[in-house]
Amino acid sequence: MSASRPAAVIVLAAGEGSRMKSRTSKVLHELCGRSMLGHVLAAADALSPERTLVVVGHRREQVVEHLTRVAPHAVPVVQERQGGTGHAVRTALEQVGELRGTVVVTNGDHPLLRGETLADLVRTHEDEGNAVTVLTTEMPDATGYGRILREADGTVTGIVEHKDATPAEREVREINVGMYAFDGALLADALKRVSTDNASGEEYLTDVVAILRGDGHRAGAHLVADWVETQGVNDRVQLAQARRQLNDRLLEALMRAGVTVVDPASVWVDVQVTAEPDAVVHPNTQLRGATRLAAGAEVGPGCTLTDTTVGEDARVVDAVCVEAEIGPEASVGPFAYLRPGTRLDRKAKAGTYVEMKNSHVGEGAKVPHLTYAGDAEIGPGANIGAGTIFANYDGVAKSRTVIGTRAFVGSNTVLIAPVAVGDGATTAAGSAITNDVPHGAIAVARGRQRNIEGWVERRRAGTPYAEAARRARENEGPERDANPQRDESEAGE
């Protein structure tokens, strides 16, 4: 039987989280491409609830702004004072009014929680006809956790805190995770009767279980097999542990789907990353955002890809790519930087120490090394020589450079935009190109070479350079053939 659609999911996210020691709200700390709260909301969305309510308090402005960006369907509810978990839920119900049906309460600092687990909680709650169902797990070491007390038929009779438990009760390994499914109408009534008669002077949601039991209603529990999934995050150490656990989960899913991850210990991926079978990820690689690897794509070692698409059988090595599109069989790196708006077509190349921004490299075109290409359109089959600069910015505006099909740009060329190099055209090495180059022409924009014989021996007399020149001249003899000037038409590359 599938779980029904809950009337609401209430996410508790008002706590201060002082142990994080941060200017950022605890629930906004990120792991694997989402905030902790974002992970919890993703799990809640798996239930398709009629309403999602997020109780906010400490650093509420940050949390509300975050919700506006990532989960605009979630309604923030302000808890003006931190009066406990029971008070937080009561505040939410008072804002939205009566809720009929199942109400799920979860916490904003449990990023490992799965949507399937919440669905199982709701299913157990409704199948057993419970007034309240507690999410529980069995801990290897339950010290400090509230213990679940049951009758022989599995009914929950209560939750006892560790400090209040008897020696026999402390032997119980089933603990309260702090998440629940309630009958909405019964929850609202019971919250009105929660006392603050405790050491903290707060309203505890755990007291609702006892109240509902006292009214003769059934309380049940749903046991989660994987206790790691139920763990919350209270400090930076636990955040790092949760990040590692979630990353391992994501990598396992990729590998079971046919992706090779050579060294899972050194590869990090975000939750939105996708990869097709036979993709390969080498060590020391980060795949961030909505990065996608097509079948046979090979990435790493030493890559950081953010919101980047890598086509079939493409190869990316030691590169940083942000919002780039790398086509099938293309080659990137090593030590390349592809910035937003870069697109490489099939079999295109962006090689060693190449930086690109807002540029399109056509099929089979090569930008092999030591080049900056900004705002460039590079035609199919073109070759860009080493040290080329696409000078796209004049201090006021950015302009585009167009390189034609099968054009050849000589080494150390500066292309001063806006400018175009025609199909099959060439630029001579070391040229500064300021005007368009016609199809099939060669552009030479540099001073002619002039050799001044004997200059070193005259102006650097007594130096090792002068001595080397003297010896070479004497060894060559009087019939030394001076190097003739090359024709500029052959001066390209």
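The protein is divided into domain 1 (8-230) and domain 2 (236-443), with bounds that come from an automatic or database domain assignment. This is a predicted model, in which local features need pLDDT of at least 70 and side-chain atom pairs count only at pLDDT 80 or more, while totals for chains, interfaces and linings use all residues. Residues are numbered from 1 along each chain as its sequence is written, and side-chain values use heavy atoms, with hydrogens and water left out.

Take the two domains together. Their centres, taken over C-alpha atoms, are 46 Å apart. Domain 1 brings 16 residues to the contact and domain 2 brings twelve, where contact means heavy atoms within 4.5 Å. About 1200 Å² is buried between domain 1 and domain 2, and carbon and sulfur atoms give 61% of this area. Buried area is the accessible area (1.4 Å probe) that two parts lose on being put together, summed over both.

What supplies at least two residues each of the side of domain 1 that touches domain 2? Strand S2 (30-31) and helix H1 (36-45) do; helices (H or I, at least four residues) and strands (E, at least two) are DSSP runs, numbered from the N terminus. In the loop between S2 and strand S3 (34-35) lies cysteine 32. Phi of cysteine 32 is near 55°, a positive value in a residue other than glycine.

Between domain 1 and domain 2 there are zero salt bridges. A salt bridge is a side-chain nitrogen of Lys or Arg within 4 Å of a carboxyl oxygen of Asp or Glu. By this rule the count comes to 26 salt bridges. One of them joins glutamate 229 and arginine 114, with the closest N and O atoms 3.6 Å apart. The two residues are 115 residues apart: glutamate 229 is in the loop between strand S11 (219-224) and helix H8 (236-256), and arginine 114 in the loop between strand S6 (102-107) and helix H4 (115-128).

Now turn to the loop between strand S24 (331-332) and strand S25 (336-338), which holds phenylalanine 335. Proline 334 lies in this loop too, and a cis peptide bond with omega of about 5° joins glycine 333 to proline 334. Phenylalanine 335 forms a stacked aromatic pair with tyrosine 353, at 5.3 Å centre to centre and 20° between the planes. Rings of Phe, Tyr and Trp (its six-membered ring) pair if their centres lie within 6.5 Å; planes under 30 degrees apart count as stacked, over 60 as edge-to-face and the rest as tilted.
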